[in-house]
Structures are given as C-alpha cells and as structure tokens.
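Subject: Structure for your files

Hello,

Here is the structure I said I would send. My notes on it follow below the entry.

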Amino acid sequence: MTDYMDISEIIASSGLSPGDDDLWRDHHFDWKNADTWVPRLTAWLQPHFRKDFSRRLRPGQERDLDMDDLEWFSILERCLKGNIDDHLEQFSMALESSVMRIYHGCRTEDAGIYFRNGLLPHDQAILEQRLEAILARHPELEVFRANFEQRINNIGEIDKGCLYGVIDDTCLLERAAHYLIYGSEWLCAVLREDGRHVLKEIGAPTLLEVDLPLYLASKSDRRELACALFTEWTRQVCNKPTQHHQIDFTFAIHSSIPSSCIVGHRHPKTLIDPLSGYRSYVSPVTYCAYCA
Ligand SMILES: [Zn+2]
C-alpha cells in the first residue's frame, strides 16, 4: 500500500469531501491540537495534489528540519498542481467561515466582564479613566502626573481601536507575559518604571480562551494563518511529531469580540516578566470575582 492510498483512505473513512471549501464552515479548530485541522486540510488539499505527490512528500518519513524552516512550505509547493499562491488565497477565503481558538492576556479583578460584555478594542478614553482611578488610590504617584501628558503624547495612537489574540498561549506565557502581569500596555507605558508596579495590585493575571470567528480577522492575518497551516501541515504529515509547533502568531482584530466567543479563563500563578529582566513573577492572587 502506498502513502497516497493511506491519505485517500483516511479521507474516505473520515467522511470529509475532498477539496470542499465547506469543510471549514463553522468548523472549530485549535492550532495546538493538530487532530482538529490536519485531517480536514488533508481532504481540502487532495484535489490539488500532483500524481506523484507521495514520492515528493514522503509522508511519515522524518526530515531533519526546524519547525519554522521555510523548506516545509517549499516541500508542499512541489507536491501541488498549479500556483501555491492561488491555493493559499482560496484556503484563506474558506477559513473565513471557520472558528479558531485564540488566547488573550490581561489582568482583571473580574473575568466575568468579558463573559458579559465580550472583548473590546483599545479605547484610550476608558484607559484614561482607569489611570485617574489608579492615581486616586495611589497619591504617591501624583508627583509623576506632570509627565503623564507628554508620555501619553509620546505613545501616540498605537493599538487604537485594536485588540490582540494569539493562537498559541505557550509563546504568550513564555515571551509576553507582561500583558498578564501588568494588564494594559498603554497604562504600563504611561506609568513607566516609576509607577507600573501598582498595576500588579489590581486583580489577577488572566488568560482568556476565545473561539474567534475568523471573519473577524483581517484578510492579511487570515492569509498569513493559511500559510502557517500549510507549513505546519507538511511537518505534521512528514514527521508525525508529538509536539505542536510553538508559534508566535498574533491576530490584530479591529472590532470587539462578542461575549458568546469567550469560552474560558484561567489565572497562571508563576510567570516570566519581560519588563523585569525576564525574572520570575509569582502572583499573590490566582482567582477573580468570576471564579472565586
Ligand atoms: Zn477568575
């Protein structure tokens, strides 16, 4: 039996329709769990395989390549008929009807806010109100107030109307846990080293789990995701790894995410603080009003 027969039989037994964009309609998948998307992408790709794709792909035969080696994408390109950019374009459009698990880091006293109101984009007016509330609780920070206006002007309009979510919480927790330790990046930037420690007194580090309808993602982010899925599909089919590719992939979303998409939350206790020389940070609080 050839590997080609293996893939055909897998598709036949799964009941998936080869090449059908509707394979992705309302389909929920998770980057970290390849079983939720590799079989479906195998079926979607099938009509595009060249006759000798199995010889070119060598499924199940391990290659000594790094997870992020661009060669994985090139291998798939050599296995497909036509132009891979056209397939990427079609796949990224098909993904628009699917739903992907993403993660959002924040610091909050009550994660119930997100389960009630959803995730809202960066709104400077709300953050300025929160800054005033922090100053009211910490009069010792008043001495820095004179600098705040200049600091706010220096920050400019970064993140305006935008919110971020990643497809792999591993990278978020290892490299960008300041979003959980301090919460708002804007508040952190305004308070700077002088005063950002007070942000660690508010609530608990929180990781939200979100099922993101991919129509909310930008076209360019969807296309980049399609490329990452093509690349990782090849590695999964060839090397059959036990570990997922720990990827640094962020969606920049320019709208709110409805509350119905917020599916879970947790409060990690120990984190690595990139703003403090990557030292370990242990949160004294690991609950919020929602889960207490
Ligand atoms: Zn909680």
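Helices (H or I, at least four residues) and strands (E, at least two) are DSSP runs, numbered from the N terminus. On that basis, Lys240 sits in the loop between H12 and strand E5 (250-253). Residues are numbered from 1 along each chain as its sequence is written. This is a predicted model, in which local features need pLDDT of at least 70 and side-chain atom pairs count only at pLDDT 80 or more, while totals for chains, interfaces and linings use all residues.

Phi of Lys240 is near 45°, a positive value in a residue other than glycine. A residue is called buried if 20 or more other C-beta atoms lie within 10 Å of its own, exposed if 12 or fewer, and partly exposed in between, with C-beta atoms placed from the backbone. Lys240 counts as exposed because it has 12 C-beta neighbours inside 10 Å. Asp26 also has a positive phi, near 60°, and is not a glycine. Asp26 is found in the loop between H1 and strand E1 (28-29). With 9 other C-beta atoms within 10 Å, Asp26 is exposed.

The chain as a whole

The protein chain has 12 helices and 8 strands. Its C-alpha atoms fill a box of roughly 75 × 40 × 35 Å along the principal axes. Of the 292 residues, 31% count as buried. Two residues are in contact if their C-beta atoms, placed from the backbone, lie within 7 Å. Among contacts between residues at least 6 apart in sequence, 84% join residues at least 24 apart.

Domains

The bounds here come from an automatic or database domain assignment. Domain 1 covers 3-8 + 18-98 + 218-244, and domain 2 covers 101-213 + 252-282. Their centres, taken over C-alpha atoms, are separated by 34 Å. For the classes, Ala, Val, Leu, Ile, Met, Phe, Trp, Tyr, Cys and Pro count as nonpolar, Asp, Glu, Lys and Arg as charged, and the others, Gly among them, as polar.

Helix packing

Axes are lines fitted to C-alpha atoms, for helices over the stretch in contact, and angles run from 0 to 180 degrees between N-to-C directions. Angles under 35 degrees count as roughly parallel, over 145 as roughly antiparallel, 65 to 115 as roughly perpendicular and the rest as oblique.

Helix H4 (residues 71-79) packs on helix H12 (residues 219-239) at about 85°, with the axes 8 Å apart. H4 and H12 are therefore roughly perpendicular to each other. Trp72, Phe73, Ile75 and Leu76 of H4 meet Phe230, Thr231, Thr234 and Arg235 of H12. That contact divides into 5 nonpolar, 2 polar and 1 charged.

Helix H7 (residues 124-137) packs on helix H11 (residues 185-195) at about 50°, with the axes 10 Å apart. This pair is therefore oblique. Leu127, Arg130 and Leu131 of H7 meet Trp186, Leu187 and Val190 of H11. These residues divide into 5 nonpolar, no polar and 1 charged.

A residue in H1

Ile7 lies in helix H1 (residues 3-14). Ile7 counts as buried because it has 21 C-beta neighbours inside 10 Å. Leaving aside neighbours within four places in sequence, Ile7 is in contact with Thr42 and Pro59. The C-alpha atoms of Ile7 and Ala43 are separated by 8.4 Å, and the two residues are 36 apart along the chain.

Regards
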